[in-house]
Amino acid sequence: MSDTPFSRGSRAAPPVLTLGDPVPLAERVDNRVLIPPVEGPPPRPPSDEIQALDGRAMGTTWSVRAIGPRGLTEAALREAIERELATVVALFSPWEPTSEISRFNAAPPGMWSVSQPFWDLVDAAMDLGDETNGAVDPTLGALVDLWGFGPPGPRGALLPLPSDEEVEAALKVSGWGRLRMNREARGLMQPGGMKLDLSGIAKGHAVDRVSDALTALGATSHLVEIGGELKGRGVKPDAQPWWVEIERVEGDASPRTVAALFDLAMATSGDYRRAFRHEGRLYPHTIDGSTGRPVSNNLASVTVLHASAMKADAYASALTVMGPFEGPEYAEAVGLTALFVERTPRGLVERMTPAFKAMMEDGAEAAPG
């Protein structure tokens, strides 16, 4: 492997896929590497020491690898990380009874003033809802709870699925088109019974916040991971990027795909992450707001790479809702870097966008083993 940053493999490139020409994953044999475009050599990190930290928050685990200036202690790094995570929980966790989102969800009908950070993320989610025609929808909390993925906990194994009447009742208090916002008053209208749920965007938002906090401390080279959502900035002391492997679906015989996260985030939405089975059918946690039910389109996973971890997180969920045909078409139209893995009678099949293919290099010699 070359010792230059972002070295590219010298072997022949793997077969190129088009959106209309899926190939069974079992037919692919070479390792693959994703390398973002980089103009000029990246700046060196502020020191040669990588500090490793980890912990638990937001109902999941987190880990950070950070390179800060000499004198920046692990205690200072941990304090900054945990402060950002605690702030996200206090704002957006429906599992925390005193959080701002829980207070809004429990509020009687009326226009309620919210804090600026809360407004900013809801506003961003609503913009994405407009852009994706509701595939991003921050108002599905009642449906999330109904299907057993919210604070009330999972549905009992012996309970029947939610009835059509229950789904319809939850739909009546859901839908991004029903949420009214007063920008001047920084207010959100609670119509009565609406429950916001930002779980499809909050982890990515937390990754961005932690990354920004580390940068503010001078740790300008770092890798942040929260519950599988990642963001890398800068390079390591050896001038190599932060290499991460794209999460693979169980039973996937494909080669590993690693990505160089240089000022880049990555998020994966998978039907295997949080789901339950009923009478042999899988019900994943991603809810389609147009039906009020868990998605059922055979998409096993969607991975998105984006400069913003929040947007990577949101788009991965949105493309999952759109499905294996509309999703790739939309992602290509807006220039997203995305990989789709679909379950088919032929086995697992993948589709990748042109932006994803443009980053892809044969990488058995380009990435660490």
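Is Arg-256 buried, partly exposed or exposed? Arg-256 is partly exposed, at a relative accessible area of 21%; buried means under 20%, exposed over 50% and partly exposed in between, with a 1.4 Å probe and protein chains only.

The model is predicted: local features need pLDDT of at least 70, side-chain atom pairs count only at pLDDT 80 or more, and totals for chains, interfaces and linings use all residues. Residues are numbered from 1 along each chain as its sequence is written, and side-chain values use heavy atoms, with hydrogens and water left out.

**View 1. The whole chain.** The chain has 8 helices and 20 strands. Helices (H or I, at least four residues) and strands (E, at least two) are DSSP runs, numbered from the N terminus. Of its 369 residues, 54% count as buried. Among contacts with a separation of 6 or more, 67% join residues 24 or more positions apart; contact means heavy atoms within 4.5 Å.

View 2. Arg-256 sits in the loop between strand E10 (243-245) and strand E11 (257-260). Its C-alpha lies 8.5 Å from that of Val-33, although the two are 223 residues apart in sequence.

View 3. Val-167, Ala-170 and Leu-171 are buried in helix H5 (residues 164-172). Seen down the axis, the buried residues of H5 fall within an arc of 105°, so they line one face of the helix; the arc is that of the directions from the helix axis to the C-beta atoms. These buried residues pack against helix H4 (141-146) and strand E16 (293-294). Glu-165 and Lys-172 are exposed, on the face of H5 turned away from the buried side. Glu-168, also in H5, is partly exposed at 44% relative accessible area.

**View 4. Packing of H1 on H6.** Two packed helices are described by the angle between their axes and the distance between the axes. Helix H1 (residues 74-92) and helix H6 (residues 199-216) pack at about 150°, with axes 9 Å apart. Axes are lines fitted to C-alpha atoms, for helices over the stretch in contact, and angles run from 0 to 180 degrees between N-to-C directions. H1 and H6 are therefore roughly antiparallel, the term for angles over 145 degrees. The contact includes Leu-77, Ile-81 and Phe-92 of H1 and Ala-202, His-205 and Leu-214 of H6. By class, its residues are 11 nonpolar, 2 polar and 2 charged. Ala, Val, Leu, Ile, Met, Phe, Trp, Tyr, Cys and Pro count as nonpolar, Asp, Glu, Lys and Arg as charged, and the others, Gly among them, as polar.

**View 5. Packing of H6 on H7.** The axes of H6 and helix H7 (residues 309-333) come within 7 Å and cross at roughly 160°. That makes H6 roughly antiparallel to H7. Residues of H6 including Gly-200, Gly-204 and Asp-208 meet residues of H7, among them Ala-309, Asp-313 and Ser-317. This contact of H6 with H7 has 6 nonpolar, 4 polar and 3 charged residues.

**View 6. Two loop residues with positive phi.** Arg-186 is not a glycine, yet has a positive phi of about 50°. Arg-186 lies between strand E6 (181-182) and strand E7 (187-190), in a loop, and is partly exposed at 29% relative accessibility. Glu-279 likewise is not a glycine and has a positive phi of about 50°. The loop that holds Glu-279 runs between strand E13 (275-278) and strand E14 (281-284). Glu-279 is exposed, with a relative accessible area of 77%.

Definitions and conventions: Parallel < 35°, antiparallel > 145°, perpendicular 65-115°, else oblique.
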